[in-house]
Amino acid sequence: MNIMLRGNSGCDISVIESSGKLIVKKTSRDKRYNDRLYRQYVKQKSFTSSVFSHTETYGFALEDGRASFTMEYLNGMTMAEALRTLELSQIPGLGSVMMSVIPQDIRRCESANDAFQDKLASLEKDRRMSRFSVSDAFKHLRRFDWSWASGSPCHGDLTFENMILKDGRIYLIDFLDSFYDSWVIDVAKMLQDAELGWHYRYERMQNNNLVIRLLCLKESMLAAISAHPMGRQIFETVYHTLLLNVLRIIPYCKDYVTKCWIDRQITYLTRILDETKERVL
Ligand SMILES: Nc1ncnc2c1ncn2[C@@H]1O[C@H](COP(=O)(O)OP(=O)(O)OP(=O)(O)O)[C@@H](O)[C@H]1O
Ligand SMILES: [Mg+2]
């Protein structure tokens, strides 16, 4: 048996049978992707979390110049798909589980501010930014103090496609070495799907079941943030990171639907940040 799965990165992902059980083999698209795949393998292998379950990796190999690694096959459903049909009463619990990646004790960290400011400066130089109205967004991001984004282990690309729900547990795949490791990177990515509908942007018809579930999930995530002793700092840091993430998509934007989605989110998020600033003043 050899079934190919679909992803966006261009890697080959196949489900194969080995010694009577199913495993997944992820192979880099070409040798330029090898290092990145190796870092992904190392991060997945060493990742420990009290919130998410561990996806077992087996081995890393190099064949004909292409890197690959194998891992257990998770017989479940991606969070992106599961959210279409999950029992509504389960959603608030799911939101608070997701938000428990936020540490209880958050301290200011100067190196966080440096990492985010450096990222921002390099992004602002990208000439592809000029296709979008980004000046207000960059103004918000440049003057923000990112030092509450304390460092912690993180997945790096925690979209709902990279979470697999199986037997009531959440397993993670497709780790990414991010420019900075912090819980805020993961929280912002989850809200990118729950609140901004990133994964569902191509869907033409509004699916009311999904809309209700995403809204309920977002509300439970925000409730968990508000209940945290550092709720205000977390909210501000997460929403600035969300805006930064939207801007980081610009260099890769190749289609009209994504362009419209980016435009909408920049307007929406800068409005939220304006309102937050007014409330604080
Ligand atoms: N271990 C696994 N068990 C079950 N399904 C898996 C597993 N690994 C990958 N998949 C499925 O294949 C899809 C693509 O995998 P993955 O995210 O690793 O690939 P990718 O090419 O890096 O994708 P993208 O760039 O779109 O995130 C996943 O969303 C999931 O549906
Ligand atoms: Mg993926």
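Q: Why is the pair Asp177 and Arg39 called a salt bridge?
A: In this predicted model, the closest N and O atoms of Asp177 and Arg39 are 2.4 Å apart. A salt bridge requires a side-chain nitrogen of Lys or Arg within 4 Å of a carboxyl oxygen of Asp or Glu, and the pair of Asp177 and Arg39 is therefore counted as one.

Q: What makes domain 1 and domain 2 separate entries, and where do their bounds lie?
A: The domain assignment of the protein chain gives residues 2–72 as domain 1 and residues 77–280 as domain 2. Taken over C-alpha atoms, their centres are separated by 25 Å.

Q: How do you know that domain 1 and domain 2 are in contact, and how many residues take part?
A: Contact is assigned when heavy atoms lie within 4.5 Å. On that criterion, 20 residues of domain 2 are in contact with 13 residues of domain 1.

Q: What area do domain 1 and domain 2 bury between them, and which residues of domain 1 lose the most?
A: About 1500 Å² is buried between the two domains, and 60% of it is on carbon and sulfur atoms. On the side of domain 1, the residues that lose the most area to domain 2 are Lys43, Phe52 and Ser53, together 42% of what that side buries.

Q: Which polar links are counted between domain 1 and domain 2, and what makes up the side of domain 1 that touches domain 2?
A: Between the domains there are three salt bridges and 11 residue pairs in polar contact, with both residues at pLDDT 80 or more. Helix 1 (residues 34–46) supplies the largest share of the side of domain 1 that touches domain 2, namely five residues. The residues of that side divide into four nonpolar, five polar and four charged.

Q: How do you know that Lys26, Glu72 and Asp174 make polar contacts with ligand 1?
A: The cut-off for a pair of N or O atoms is 3.5 Å. A side-chain N or O atom of Lys26 is 2.7 Å from an oxygen atom of ligand 1, and a polar side-chain atom of Asp174 lies 2.5 Å from an oxygen atom of ligand 1. For Glu72, a backbone N or O atom lies 2.9 Å from a nitrogen atom of the ligand. Each pair therefore meets the polar-contact cut-off.

Definitions and conventions: Residues numbered from 1 in each chain as written. Chains lettered and ligands numbered in written order. Predicted model: local features only at pLDDT ≥ 70, side-chain atom pairs only at ≥ 80, totals over all residues. Heavy atoms only, no water. Domains from an automatic or database assignment. Buried area = accessible area lost by both parts, 1.4 Å probe. Polar contact = N/O pair within 3.5 Å; in protein donor to acceptor, adjacent residues only side chain to side chain. Helix = DSSP H or I, 4+ residues; strand = E, 2+ residues; numbered from the N terminus. Nonpolar A, V, L, I, M, F, W, Y, C, P; charged D, E, K, R; others polar.
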